[in-house]
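Here are my notes on the model you sent over. Have it open beside you while you go through the points.

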Amino acid sequence: VQLQASGGGLVQAGDSLRLSCAASGRTFSGYTMGWFRQAPGKEREFVGYVSWSGGSTYYADSVKGRFTASSDSAKNTAYLHMNNLKPEDTAVYYCAAGTVLSSVDQVYRYWGQGTQVTVSS
């Protein structure tokens, strides 16, 4: 089982990015795709999740209204659409797959390798 995160980069404040998480090795039907991030010197924090069906989403307060998580089962890929990016969004972003709807990283079984997002002011 493999999760491949991509789409990170260097952008300016106010810009948008779309992160992708390509899943392979098994079907993720019924799974939750979570997004987490870790900034330098800080602990990993929850960003948001989407159920594989796309019917359920939940976000951290810090990104609510700016970030949207989605999934495309036909492509076996989850996405994190990030709008109005701020310098404090700078971090390595990780996607993860788990069997429950949760903001707790320990419950996620499969993890991608992370993609760097840097937002300049």
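1. Let's start with a pair at the surface. D61 and K64 form a salt bridge, and their closest N and O atoms are 3.0 Å apart. For a salt bridge, a side-chain nitrogen of Lys or Arg has to be within 4 Å of a carboxyl oxygen of Asp or Glu. D61 is exposed at a relative accessible area of 66%, while K64 counts as partly exposed at 48%. The words here mean: buried, under 20% relative accessible area; exposed, over 50%; partly exposed, in between (1.4 Å probe, protein chains only).

2. Some ground rules before going on. This is a predicted model, where local features need pLDDT of at least 70 and side-chain atom pairs count only at pLDDT 80 or more, while totals for chains, interfaces and linings use all residues. Residues are numbered from 1 along each chain as its sequence is written, and side-chain values use heavy atoms, leaving out hydrogens and water.

3. Now the other salt bridges. The count comes to five by this rule, and R37, E45, R66 and D89 are linked in a network of them. R37 is bridged to E45, with the closest N and O atoms 2.6 Å apart, and also to D89, where the closest N and O atoms are 2.9 Å apart. Strands, by the way, are DSSP runs of E with at least two residues, numbered from the N terminus.

4. Buried or exposed: which is D89? D89 is buried, with a relative accessible area of 1%. R37 is buried too, at 5%, whereas E45 is partly exposed at 35%.

5. Next, the nonpolar core. A core here is a set of buried Ala, Val, Leu, Ile, Met, Phe, Trp, Tyr and Cys residues joined through side-chain atoms within 4.5 Å. The largest one has 36 residues, and L3, F28, M33, L80, M82 and Y93 touch the most other members. Strand β9 gives the most to this core, with five residues.

6. Leaving aside residues up to four places away in sequence, Y93 touches L19, F36, R37, V47, F67, L80, M82, G114, T115 and V117, contact meaning heavy atoms within 4.5 Å. R37 of the salt-bridge network is on that list. T115 is also the bridge partner of Y93 in β11.

7. That brings us to β11 (residues 115-120). T115, V117 and V119 make up its covered face, and Q116, T118 and S120 its uncovered one. Strand β2 (residues 9-12) pairs with β11 in the parallel sense over four bridges, and V11 has V119 as its bridge partner there. Strand β9 (residues 91-98) pairs with β11 in the antiparallel sense over three bridges. Two strands count as paired if DSSP finds at least two bridges between them.

8. Which strands form a hairpin with four residues between them? They are β7 and β8, which pair in the antiparallel sense over six bridges. T68 has H81 as its bridge partner in β8. N76 in the turn has a positive phi of about 55 degrees.

9. On backbone angles, most residues other than glycine have a negative phi. N84 is another residue with a positive value, near 50 degrees. N84 is found in the loop between β8 and β9, and counts as partly exposed at 42% relative accessibility.

10. One serine to look at is S51, in strand β5 (residues 45-51). S51 is buried, with a relative accessible area of 10%. Not counting residues up to four places away in sequence, S51 touches Y31, T32, S56, S71 and L101.

11. Last, a surface item. V100, V104 and V107 make a nonpolar surface patch of about 200 Å². Patch members have over 30% relative accessible area and no salt bridge; like charges are joined within 9 Å, and nonpolar side chains (Val, Leu, Ile, Met, Phe, Trp, Tyr) within 5 Å. Areas come from the Shrake-Rupley method with a 1.4 Å probe, and for residues only the protein chains shown count as cover. V104 is in the loop between β9 and β10 (108-111), and is partly exposed at 39%.
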